[in-house]
Amino acid sequence: MRIAVVGGGIGGLCLAHGLRKAGVDVAVYERDLSRTDRLQGYRVHINPDGAAALRECLPAANWRRFEESAGTSENGFGFLTEQLRPLLVLDPDEEKHYSASRITLRQVLLDGLDVRFGKRFERYEQNGDITLHFEDGTTAGCDVLVGADGIRSRVRAQYLPHAGTEDVGITAVAGKLFLDEHDWIPESLLIRANSIIPTSSCGMFLVAHDGLGHTDDDGVLFDNVRPYLMWAYAAKNLDLSDGLQSEVLRRIATWSPDLRRVVGESHPETVSQWHIRSSKPIERWRPTNVTLLGDAVHAMTPMRGIGANIALKDAQLLSRYISEGGDVIARYEAEMYEYGFAAVRDSLRAARQFAEGSPVARTLFRTVLRTAAAVPALKRAMF
Ligand SMILES: Cc1cc2nc3c(=O)[nH]c(=O)nc-3n(C[C@H](O)[C@H](O)[C@H](O)COP(=O)(O)OP(=O)(O)OC[C@H]3O[C@@H](n4cnc5c(N)ncnc54)[C@H](O)[C@@H]3O)c2cc1C
């Protein structure tokens with residue numbers, strides 16, 4: 001069976017490794033022109049499920065490089081007021097979580113794979129087997145097509161034209177504060193990930209990243225190895241016409257001076273914005289020899305930090321089922337549809353909780369968090 005994977009992102013590359021390990025003939029087609037095309041991005045949180053998928057699919061050497069290069073997030077999770085007073089601190093998970101640089105993770109995933117770069121997928125023809133058409137005029141054949149081409153997937157647009165994503169009306173602005181330039185940052189912001197819960201309708205997430213860069217087989221070092229504090233502010237109706245940082249600073253004018261410094265002193269070139277999108281719910285579809293994984297099928301808001309982990313889980317499941325044989329796509333899609341769209345709903349709820357809600361609802365939520373902090377049994381039941 002010849003498998004074509006369109007999209008060499010987190011999910012597509014993990015799948016390709018899993019299939020290669022199982023001895024399956026797999027080709028990855030990626031629109032980027034080379035492996036160093038995209039050397040930017042923030043850290044990505046890899047949870048125990050995502051790590052298990054990587055461990056199962058990657059060759060041992062790639063897994064080792066992942067473990068060596070990623071930082072760990074082992075100090076639990078904090079909920080703080082906008083004045084940095086603790087509401088609730090969750091204990092660390094017993095299983096290991098990782099903080100991976102997106103750039104490094106991609107390099108680790110690319111190692112050992114012969115990805116066909118510069119292949120921007122255009123459309124496919126399905127006549128028993130499948131012919132892929134690329135924008136450069138070339139074609140390729142396969143028996144099974146996996147669309148792993150991310151949130152604006154062209155494979156999904158052709159295969160499930162009624163599916164897609166919608167703008168949830170929330171905008172996020174994120175940036176990096178390099179830690180080797182700043183020694184004044186409160187320890188509570190450095191030792192664990194934190195969510196700021198103000199009484200107004202907005203939220204901020206902060207987490208420090210200290211992972212290492214990645215040196216490839218030729219000794220080339222990728223990634224900026226400087227540790228940083230990443231922050232992301234999200235709200236509805238942001239007016240970014242006067243600049244991203246200035247709008248966030250205007251919105252957080254009454255917050256802790258340290259939080260305002262974090263935003264104000266971040267290098268402008270590290271600051272970017274997203275209009276948050278989420279997949280629309282769809283009915284199950286009939287399985288064929290075209291399928292989808294990751295953001296191509298179930299794109300979710302970043303508010304739970306699980307999109308990449310679910311893409312990795314898809315890759316793990318699909319490569320496992322393909323190597324076992326049988327009614328592969330039907331089995332994969334039956335499971336993926338359930339957990340994938342449950343995660344979409346969950347992330348959307350988290351996004352609304354993070355960036356919306358009346359002052360009354362948010363004050364109530366802060367009271368619940370404070371109560372849980374004081375009553376261990378309640379804390380255990382809630383989290
Ligand atoms: C700000 C932010 C923070 C996030 N943080 C986290 C986090 O901490 N943890 C987490 O689990 N998730 C996080 N996510 C979500 C996560 O980034 C995505 O869910 C994940 O990248 C999806 O992986 P994927 O392989 O499906 O798609 P992608 O990683 O987007 O890969 C798609 C690939 O397809 C290629 N492609 C696209 N179109 C074509 C085409 N026509 N032809 C050929 N190739 C094509 C692209 O170049 C890309 O390489 C975050 C998202 C955002 C926006």
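Trainee: What is the strand order in the open sheet of 3 strands, and how do its strands pair?

Mentor: In this predicted model, the order is S3-S7-S4, and the pairing is antiparallel.

Trainee: Why is one side of S3 and of S4 left without a neighbour in the sheet?

Mentor: S3 and strand S4 (71-72) stand at the edges, and each has a single partner strand, so one side of each has no neighbour there.

Trainee: How do you know that S4 and S7 count as a pair?

Mentor: Pairing needs at least two bridges. S4 is joined to strand S7 (residues 98-101) by 2 bridges, and the two run antiparallel. You can look for Gly71, which stands opposite Ser99 in S7.

Trainee: Which residues make the contact between H7 and H8?

Mentor: H7 gives Gln245, Val248 and Leu249, while H8 gives Arg260, Val263 and Gly264. These residues divide into 3 nonpolar, 2 polar and 1 charged.

Trainee: Why is H4 called largely enclosed by the rest of the structure?

Mentor: Of the 9 residues of helix H4 (residues 102-110), 8 are buried, so the helix is largely enclosed. Among the buried ones are Ile103, Arg106 and Leu110. After H4 comes Gly112, with a positive phi near 85 degrees.

Trainee: How do you know whether Leu58 is buried or exposed?

Mentor: Count its neighbours. Leu58 has 23 C-beta neighbours inside 10 Å, and the cut-off for buried is 20 or more, so Leu58 counts as buried. Leu58 sits in the loop between helix H2 (48-57) and helix H3 (60-69). Leaving out residues up to four places away in sequence, Leu58 touches His17, Trp63 and Phe66.

Trainee: What makes the phi of Leu84 worth a look?

Mentor: Most residues other than glycine have a negative phi. Leu84 is not a glycine, yet its phi is positive, about 70 degrees. You will find Leu84 in the loop between strand S5 (77-80) and strand S6 (86-90).

Trainee: Why is Leu84 called partly exposed?

Mentor: Leu84 has 17 other C-beta atoms within 10 Å. Buried takes 20 or more, and exposed takes 12 or fewer.

Trainee: One last topic, the ligand. Which residues come nearest to it?

Mentor: Of the 32 residues around the ligand, Gly7, Gly9, Gly150, Gly294 and Gly307 come nearest. Elements giving two or more residues to the shell include helix H1 (10-21) and helix H10 (307-324).

Trainee: Which element gives the largest share of the shell around the ligand?

Mentor: That is H10, with 4 residues. The residues of the shell divide into 13 nonpolar, 11 polar and 8 charged.

Terms used:
Residues are numbered from 1 along each chain as its sequence is written. This is a predicted model: local features need pLDDT of at least 70, side-chain atom pairs count only at pLDDT 80 or more; totals for chains, interfaces and linings use all residues. A residue is near a molecule or strand if its C-beta atom, placed from the backbone, lies within 6 Å of it. Ala, Val, Leu, Ile, Met, Phe, Trp, Tyr, Cys and Pro count as nonpolar, Asp, Glu, Lys and Arg as charged, and the others, Gly among them, as polar. Two residues are in contact if their C-beta atoms, placed from the backbone, lie within 7 Å.
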